[in-house]
Amino acid sequence: PYIIHLVDWFEYGNLYYLVLERARGPVRDLVKSVGPYSSARVVEVGRQLLYGMHFIHSQRVIHRDLQIDNILHVGTGDYVALKISDFGISRQFGFGEGPYAYTNIGRAYEVAPELKQGGYTTVRSDLYQVGLVLYFLHTGLMAVGPPDGPVHDAVSSGVAEQRATALGSPLGRVLATMLAVDDRRRFPDALKAWYELRECVEPGLWVAEKRP
């Protein structure tokens, strides 16, 4: 339910068309309209994203382009559900190259550090990008961007991890782990990230929003 639904596809005039479920827009616009999310709401939408990522990874796919313009939302008011979209640079893994994808592509400041440092991505790279999205939803700010310098230096510096740590909250601690510059220090998978994220608020608070 947290991945954009493909309704149909067809070819016409030498072009391919995809008919997708209708969404209201990206989370970038959502934050502009309602402001930063509380910790409880971040935990709820984090559940949605990590649930979606767990399914994607179970299909041996690395998304590789999770960012605030590729995660859409449906619903209004107190009910908002997120939808993971745009699998244009995703890669299926595990066929002769292990759980890695090596294509050096992605939005400049929103790629994982290991892509810049080692030229590879894994499921933990997707978790890094989820961390960037949740940080933005919580603060209304990018965890790393052009003001932090050239892309390679900024992404590799660990400034995203430092900013999450500086939040000084349980949520900040979990986000800092997701945004660790060394991928070996991140959560090993989406489920482990969720188990830690749900402890950031009192039991029951994160389920206040309806599920689609």
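Guide: In this predicted model, the axes of helix 1 (residues 27-34) and helix 4 come within 9 Å and cross at roughly 15 degrees. Angles under 35 degrees count as roughly parallel, so helix 1 is roughly parallel to helix 4. The crossing of helix 1 past helix 4 is right-handed. On the helix 1 side, the residues in contact are V27, R28 and V31, and they meet V133, F136 and L137 of helix 4. By class, the residues of this contact are 5 nonpolar and 1 charged, with no polar residue.

Helix 4 (residues 123-139) also has a part in the lining of the largest cavity, to which it gives the most, with 3 residues. The count of cavities of 30 Å³ or more comes to 1. About 50 Å³ of space lies in the largest cavity. Its lining is made up of R64, I105, V111, A112, L115, T121, S125, D126 and Q129. Sorted by class, the lining of the largest cavity has 4 nonpolar, 3 polar and 2 charged residues.

To put the two parts together: helix 4 meets helix 1 through V133, F136 and L137, while S125, D126 and Q129 are among the residues that line the largest cavity. The contact of helix 1 with helix 4 has no polar residues, whereas the lining of the largest cavity has 3.

Technical notes:
Residues numbered from 1 in each chain as written. Predicted model: local features only at pLDDT ≥ 70, side-chain atom pairs only at ≥ 80, totals over all residues. Heavy atoms only, no water. 1 Å grid on protein atoms, 1.4 Å probe; cavity = no way out; pocket = protein on both sides within 12 Å on 5 of 7 lines; lining within 4 Å. Points joined across faces, edges and corners; volume = space filled by probe spheres on them. Helix = DSSP H or I, 4+ residues; strand = E, 2+ residues; numbered from the N terminus. Nonpolar A, V, L, I, M, F, W, Y, C, P; charged D, E, K, R; others polar. Axes fitted to C-alpha atoms, helices over the stretch in contact; angles between N-to-C directions. Parallel < 35°, antiparallel > 145°, perpendicular 65-115°, else oblique. Left-handed = near helix turned anticlockwise from the far one by under 90°. Contact = heavy atoms within 4.5 Å.
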